[in-house]
Structures are given as C-alpha cells and as structure tokens.
Amino acid sequence: MQFFKDLSLSTAVAGFVAVLVGFTSSVAIVFQAAQAFGATPAQISSWVWALGLGSGLCSLVPSLILRQPVMVAWSTPGAAVLATAGLAGGFDMAQAVGAFMASAVLITLAGITGWFERVMNRIPLEIATALLAGVLARFGLQAFVAAQTALPLVLLMLLVYLLSRRLAARYAVVITLAVAVVYAASQGRMVWSAVTLELAQPIFTAPRFSVAAIVSLAIPLFVVTMASQNLPGVAVIRATGYDLPVSRLITLTGLATMALAPFGAFALNFSAITAAMCMGAEAHQDRSRRYTAAVSCGALYVMIGLFGAVITGLLTAFPKELVVAIAGLALLGTIANGLATALREETHREAALITFLVTLSGVVIVGVGSAFWGVVCGSIALFVQQYRRSQAGDT
C-alpha cells in the first residue's frame, strides 16, 4: 500500500514518457535484428513479449523491494550489432539464441565477480556526470532539430513547457505532453491505424551453440551492452545520488536474459536516458518517491510484453517529432545539473569537458559507442593532468 501512497501523477507520467521514448526509439532496430536471423512475424512478436516482460519485471520488482528507482531496458546498441552481424554472418535463429545465452553468461559473471562495479567506483563523479550530460545532450538537441519538420508542434511544446515550469513546475512535462497529444490529434497526425487487436505469444527456440556465433555475436553483444548501456546506466545512478547494489542488479539482468533468451530476449541492461527521466527531479521533488516512476515504467513494459501488438501500435501512433521533443524537454534539468556538477571543480574541469564532448560526438570505434570512449578519453586526460601535478609537487 505504501507504493500507492507514494505514487503521484508526475511519477506516473515520467514512467510513461520513459517507455514512450525508449520503445519508439528502438523498436524498429529490434525488428531489424530479428529479421536478420530469419524471424517470422510470430517470432518477432515473441521477441517483444520477452523483452517487455524482462525489462518490466527487472525494473518493477527491485524498485519495489529497494524503494529506489531501478531502470532496466533492452540493449539498443546490442540490437544494432545483431542486425548488422546477423545479416553478414548468415546465422539462423537457433545460433542467435545460443549467442544470446553465451553473452548472458558473461554479463552474469561480471555481476557475480563485481569487477564492473569496482571499475565504476574508480571513475570520479565529475567524469560520470559529464558522461551523463553527453549522452543526454544528444536528446536535448534532437528536441529542437525536430522543429525542422514540425515547427508549430515543437514551438507549442516549448512555450507550454516554459509556462508550466513557472506556474506548475512539478507537472510541466505532464501538461506539455497532454497539450502536444491534443494538438497532434487535431492535426490528424496520430497514426491510429497502427493499433491492432492482437496479443503476443511466446515462441520457444532451442539454442544451438557455435564458435562462429559466439565470436561474431555473443562477444560483441556483451562488450557493447557493458560499454554502451551498463556504463552510462551506472553513471546515471551515481550522478543522481542513488546507492544501488550494482553488481547484484547486473547479475539479475544476466540471469533474466538467460531465462528469456530462447523467446527472443537478447540483452537486458541498465537504461541511461530513460533512467534519467525517472531518477531526476522532473519525476518528483522528493527523491524517496521517485521509485514509483520506475515501477510505473516497469508495469508498462510488462503490458507491452503481454499485449504486444496492441501496445506497440498505441506507442508508435505518436508523431516522431512529439516523441523526441518531449524527451528533450523532460531531460533539460538533468542535462543542466550534470554539466554543473561536471564543471564545478577546476582540477577536473578539462577532463570532464573532454568526456562530455567525446560522448556527445556519437563516435563509434570498433563497434563500441561514444559513451565508452568518452570515459576513456576523460580518464586519460585526468591521469595526465594529475600525474603532471604530482610530478611538479615532487620536484
């Protein structure tokens, strides 16, 4: 009953916006990845079932137990890797499932041994918050880039957001989203034809393990998931001040992936962008009540899994400009706080700025995204600066 006492309109909407942004921005890539392994429409629906159920339960249950927001999603970069490697390697669904399970074993080991959390604990807060700001800033930019194709909608949303921030700050995102949906519907831009009354059904695929699939699929999937998803995900947790059992939660995502892999769950991991929406002050001013946003998000993901095509149609009915604009506006406060924290200490400022810029660039090297390289470049810069100061002090 405590959950219902803590639940508020702002946290419920934060959970909805997180699902809206996370799902609509990645579902097409998931479909492409499934098709790369020759998936039938029924198997694609099973993937949605497994990913929705896994993400939802891994967010909902720990959030209720810990009374802190735990945000788990599927690996969008991982889906992109699978879509590319699957077509190039000619792997079938059974080999793909074997690779999913092999990657899940590696993720589970990373959680059990605690090595990933030990690495994250050595990263200074300024570097972590710069990483967070760099990841989120791209979404902030996209909110205004959307004005190129939907200027009246974006300007209306910006105006409503600014007025709401002044008059009813807690519900600014709620009011902006409501006005945007009404406006889009009045302009005939809601694609209601995408909604179909069809339920998702899980389809089991027996795994087949092969060296080629493990090398070409499992290892790249593991590396990308840890570097491009779990790393910024932990950065969000650290930057927002929550003390979550990172290693145990990573173990949970690995075990959940292993159990649901035969049905299409290729990789579950910490979310970053959508986590910031539920962990930040925009969700609720009271930090102790923000876990209800993560629970709401998890419940919606479970609904996506169970009601598959129906929920998919509802979420994809929104204009893409509305989705990117509401995401950018919802993240403005988190981006500002991240930059303020990252640049406050002069001794870390240049390294944090390098982290921010490399992460913001979106550069991909050897298949690994900019979040990882941002931390690497920032850490190297910090090491060189600190080493130079320590050498000067010794002399």
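## Helix α11

In this predicted model, helix α11 has 29 residues and reaches 39 Å from its first C-alpha to its last, close to the 42 Å expected at 1.5 Å a residue, where the expected span is 1.5 Å times one less than the number of residues. Helices are DSSP runs of H or I with at least four residues, numbered from the N terminus. A kink of about 30° is centred on M226 in α11, the bend being the angle between axes fitted to the seven residues ending at a residue and the seven starting there. After α11 comes G241, with a positive phi near 85°.

## A nonpolar surface patch

V105, L106, L109, I112, V211, V215, I219 and V223 make a nonpolar surface patch of about 670 Å², and α6 (93–113) and α11 (211–239) are the elements that give it two or more residues. Such a patch joins, within 5 Å, nonpolar side chains of residues with over 30% relative accessible area and no salt bridge. V223, found in helix α11, counts as partly exposed because its relative accessibility is 35%; buried means under 20%, exposed over 50%, and partly exposed in between, with a 1.4 Å probe and protein chains only.

## Cysteines

Zero disulfides are found in a search of the whole structure, a disulfide being a pair of cysteine sulfur atoms within 2.5 Å. The sulfur of C58 is 12 Å from the closest cysteine sulfur, in C297, which is too far for a bond. C58 is buried, with a relative accessible area of 5%, whereas C377 is partly exposed at 32%.

## Basis of the values

Residues are numbered from 1 along each chain as its sequence is written, and side-chain values use heavy atoms, leaving out hydrogens and water. Because the model is predicted, local features need pLDDT of at least 70 and side-chain atom pairs count only at pLDDT 80 or more, while totals for chains, interfaces and linings use all residues.

Conventions. Patch = residues over 30% accessible without salt bridge, like charges linked within 9 Å, V, L, I, M, F, W, Y side chains within 5 Å. Areas by Shrake-Rupley, 256 points an atom, 1.4 Å probe, with all protein chains shown as cover. Salt bridge = Lys/Arg side-chain N within 4 Å of Asp/Glu carboxyl O.
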